[in-house]
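Hi,

Here is the structure I said I would pass on. Have a look at it first, and my notes follow below.

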Amino acid sequence: MTAPLTAPAPPHPHAFPHPHPTTTTPPVPASAAHTLARCRSLVLPALTAAVDRLHPYPGEMAAFSFGWCEVGGTPAAGRPGGGKGVRQALAVLGAEAAGAPGATAVAGAVAVELIHAFSLLHDDIMDGDETRRRRASVWKAYGTGPAVLAGDALFALAVQTLAESPGPHGGAAIRQLSGALGDLVRGQAEDLLFESRPWTGPDAVRTAEYRAMAEGKTGALLGCAAALGAQLAGAPEPVVAALDRAGRHVGVAFQAVDDLLGIWGDPRVTGKPVHGDLRRKKKTLPVLAALAADGPAARELATLLTDSPDADAPDATPDDATVHRAAELVEEAGGRAATLAEAHHHLDAARAQLAAVPLAPTAAAELLALLPFLVDRAL
């Protein structure tokens, strides 16, 4: 298991110059858009070919999860779907940063994309999320059992894809992926256990614990993507390790922004209701940072979360007035600003990792250009 990221405390919210995240979809910077499109075009044919190898039933569900088809297999409008392709880009750029052609990383990019899809299928089941990217989640569209099967199929296909990758470095790449998967499971396990822990008191979830969880649940696969590209390219271990650490820092930053959007994001952009994470009583970084602050807003928030009539009822949904007031108190206590500061802090840490090892200049510049994009929007 990779040691948890260590990071100094983020600066005081009022000293941090970055604005709140926007609640409308910002344009993708031209350089980032070009990189994402270039890497997607390189990886998509191999990803499609891999999914085509599956049994038709889980294969259809996999294609649905990527946005390639509707229920029943009818091709979806607006392919290719499947999100922005950040993990694919990290893998391709990892190989290019090590001085190899981007095609060297295609098997790794496909494997990481399949693992990511598998994790989302199972994550939606565990969280009961009925939508994903503004359409039905796989379990909602096909049923829980079939969605579990599709996730299992994607997992197996990812390992097979990497095992069959050309070149002498497939074994090391599988070990890299296995380590990341272990960290992902640990992060997901901690996230589930957080739900049963109290909001306040000695057993409350601390921000440092949340950061470690986010590194595993979100950062491990981003770090693995960049590291796999370099690993398949035969890069020296310090380069592979630095890319892995950079991706893990990016993952914590991404999770922080995702948490902000889970409370204040525009439903037209996120596809989820406003204040959705508060309604689910989910322990996210803005709330935990607000509770850790000292002041009347933090104390009122703690009282609201622990003394409301439904505080101890896991299936009860707080009313609109309660969640609206909770969101106000999180912001007043500094939770929103502290979370955005955390995101930018981890992006700075990712930049430091990239600067610490010799990388091909063009690929390094493309990696750096992607970082602000990750904070400015949800992927």
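Let me start with a helix pair: α2 and α6 are roughly perpendicular to each other. Bear in mind that this is a predicted model. The axes of α2 (residues 56-65) and α6 (residues 144-163) cross at roughly 90 degrees and come within 9 Å. That angle falls in the 65 to 115 range, which is why the pair gets the label roughly perpendicular.

Which residues make the contact? From α2 there are Tyr57, Pro58, Met61 and Ala62, and α6 brings in Pro146, Ala147, Ala150, Ala153 and Leu154. Sorted by class, the contact of α2 with α6 has nine nonpolar residues, with no polar and no charged ones.

Next, the aromatics. The structure holds four aromatic pairs, and I'll go through two of them here. In one, the ring centres of Phe66 and Trp68 are 4.8 Å apart and the planes are at 20 degrees, so this pair is stacked. Phe66 has 3% relative accessibility and therefore counts as buried. Trp68 also counts as buried, because its relative accessibility is 5%.

Phe194 and Tyr210 give another stacked pair, with 6.5 Å from centre to centre and 25 degrees between the planes. Where do these two sit? Phe194 lies in helix α7 (residues 170-194) and Tyr210 in helix α8 (residues 207-232), so the pair ties together parts that are 16 residues apart in sequence. Both Phe194 and Tyr210 are buried.

Lys283 places its charged end over the ring of Trp199, 4.6 Å from the ring's centre. On Trp264, Arg336 is the residue lying over the face, at 4.5 Å from the ring centre.

Finally, the chain as a whole. The protein chain has 16 helices and two strands. How much of it is buried? Of the 379 residues in the protein chain, 53% are buried. As for contacts in the protein chain with a separation of 6 or more, 76% of them come from residues 24 or more positions apart.

Cheers

Notes: Residues are numbered from 1 along each chain as its sequence is written. This is a predicted model: local features need pLDDT of at least 70, side-chain atom pairs count only at pLDDT 80 or more; totals for chains, interfaces and linings use all residues. Side-chain values use heavy atoms; hydrogens and water are left out. Rings of Phe, Tyr and Trp (its six-membered ring) pair if their centres lie within 6.5 Å; planes under 30 degrees apart count as stacked, over 60 as edge-to-face and the rest as tilted. Buried means under 20% relative accessible area, exposed over 50%, partly exposed in between (1.4 Å probe, protein chains only). Helices (H or I, at least four residues) and strands (E, at least two) are DSSP runs, numbered from the N terminus. A charge sits over a ring if NZ of Lys or CZ of Arg is within 6 Å of the ring centre and within 35 degrees of the ring normal. Axes are lines fitted to C-alpha atoms, for helices over the stretch in contact, and angles run from 0 to 180 degrees between N-to-C directions. Angles under 35 degrees count as roughly parallel, over 145 as roughly antiparallel, 65 to 115 as roughly perpendicular and the rest as oblique. Contact means heavy atoms within 4.5 Å. Ala, Val, Leu, Ile, Met, Phe, Trp, Tyr, Cys and Pro count as nonpolar, Asp, Glu, Lys and Arg as charged, and the others, Gly among them, as polar.
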